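Work through the exercises below with the sequence and the model at hand. Each task is followed by a solution in steps.

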Amino acid sequence: MSAIEISEDLPFKVLRKTWQPVAVASAVGAGQVRSYRLLGEEIVIARLPGGWLAALDACPHKGFRLSLGQVCDSELRCAYHGWRFDHEGRCTNIPSLLQPLPNKQEQARLTSFAVQERYGMIWVRLDPEELARIPEVPEFEKSGWTYLVAEPMAFEAGFRREIENYLDMTHFAFAHSTTLGVSADPKVPAMKITELADGFEMQAPFPALAAPKEQPGKLQQAHERRQRCWLPNFTTIRQSFADGDERVLVHIPSPNTVTQCTVFWALAISPGFKGPAPAEQLKFAHQVLDEDRRMCENQVPREVPVNPAKGGWGVLVTPGDNLANMFQRTFRKFLLQSMTPR
Ligand code: FES
Ligand SMILES: [Fe+2]
C-alpha cells in the first residue's frame, strides 16, 4: 500500500481529462437543450445540426443559463438578449449591435468542451488533455446483439461508492434479498484478479442464486463472470452461461459533485438469448440498481476516501473486498501517474 498521502481534490482534477457521460443521446432530440453538472461544473448540452455543443452553462454576456435558451437556425440562442452561438461555441450574432463588431463576437466565445457520441451516450471531456479514451466494448456495437441504454439513475453518493458497490459480491444475500435472493451465499468463490495497464479484470465461476419472489430463471443461473474495470470509472460485467448465451452490462458513475453521481448504464444481450425478454432484463436490473442506490446513499462518508481509512477501504478487509480494494489501489496509481509528465 502506498504511503503517499493524496489530496482529496485530486480525483476531480484528474477526471477532467477523461470522458464522462452527460446524457443519453436518444433523450436529447434535434434542437433540444439540456443542462448537466459534471465534476462540479454546470454545463449546457445542445444537439445542433452542425454537431453537439457542450459548454459552460453561462452566457458570456450576462451569465444567463444557456440551457434555458432555444435552438434557432442551427444555433443556440440565449433567451435573455438573443446572442447566438454555433456548435463550436463561436458567437455568430449579437442582435443589439447596430453593425457587427467582429472583435466583440470573438471575445464572446463560449467556454466549450470536447464532446462525442458513443454507445448511445453523449460524452464530455472538460480539459483539452486526454488521459484515457472511451474503452472499446465490441459487443455494444456488434450486429445481432441487442444493445439497450437504460435511463440513468442519480445517486446521492460519490462515484467511488458506486464503483465499489458494482464490484462487491458479498452483499447480494442482504442488500438484494428480494431480487437476487436471501439464499445467495455471501461466501464468494475464489476470484482471479489481474491488474492491467489501464485497470484490472476479475474472473470467477458464479454460483446459482435462488430468489424468493421469482422462479430461478436464466438470470439467476450459474455462470462464468468476468468483470473488467477501465480506470477511472468504466466497469463491465460479462456473464457467460452454460448454453453459450452472454450478457455484458456496463456502469459508468459520472460524477456530478464529490457526493453525487449519475449512473449511466447499458446492457448488451447475445443473439438468440434464451431467457427473459430484453425489456424484462432491463426492468430487473433497474430494480437491483435501485437497491444498490439505497446502500450507496447511506454510507458514511458519502465518498470513499482516496487514502485508506476505516469505513472506507484498505483497513477492515475480507477476501470479498479484494476487488473493491483493487479498484482503490489502482485508482490511486492512476491519479499519481497522471501527475507525472508523459
Ligand atoms: S445574457 Fe445571454 S444574451 Fe445577454
Ligand atoms: Fe448490488
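Donors are N, O and S atoms within 2.8 Å of the metal (3.2 Å for Na, K and Ca), and since water is not among the atoms, sites may look incomplete. The model is predicted: local features need pLDDT of at least 70, side-chain atom pairs count only at pLDDT 80 or more, and totals for chains, interfaces and linings use all residues. Residues are numbered from 1 along each chain as its sequence is written, chains are lettered from A and ligands numbered from 1 in the order in which they are written, and side-chain values use heavy atoms, with hydrogens and water left out.

**Exercise 1.** Find the protein donors of the iron ion (ligand 2) and classify the site.

Step 1. Along the sequence, the donor residues follow the spacing H-x4-H-x115-D.
Step 2. Four donors count as tetrahedral if all angles lie between 85 and 135 degrees; four count as square planar and six as octahedral if opposite donors are over 155 degrees apart and all others between 65 and 115; anything else is irregular.
Step 3. The angles among the four donor atoms are 55 to 150°, and the site is irregular.
Step 4. Both His171 and His176 are buried (under 20% relative accessible area; exposed is over 50%, partly exposed in between; 1.4 Å probe, protein chains only).

**Exercise 2.** Describe the largest nonpolar core.

Step 1. A nonpolar core is a set of buried Ala, Val, Leu, Ile, Met, Phe, Trp, Tyr and Cys residues joined through side-chain atoms within 4.5 Å.
Step 2. The largest one has 81 residues, and Val22, Ile43 and Phe234 touch the most other members.
Step 3. Strand 18 (residues 260-269) supplies the largest share, eight residues; strands (E, at least two residues) and helices (H or I, at least four) are DSSP runs numbered from the N terminus.
Step 4. Another core, of 16 residues, lies apart from it and includes Leu53 and Leu76.

**Exercise 3.** How are the rings of Trp123 and Phe234 arranged?

Step 1. Rings of Phe, Tyr and Trp (its six-membered ring) pair if their centres lie within 6.5 Å; planes under 30 degrees apart count as stacked, over 60 as edge-to-face and the rest as tilted.
Step 2. The structure holds 10 aromatic pairs.
Step 3. For Trp123 and Phe234, the centres are 6.3 Å apart and the planes at 25°, so the pair is stacked.
Step 4. Trp123 sits in strand 10 (residues 121-125) and Phe234 in strand 16 (residues 234-241), 111 residues apart.
Step 5. Trp123 is buried at 2% relative accessible area, and Phe234 is buried at 4%.
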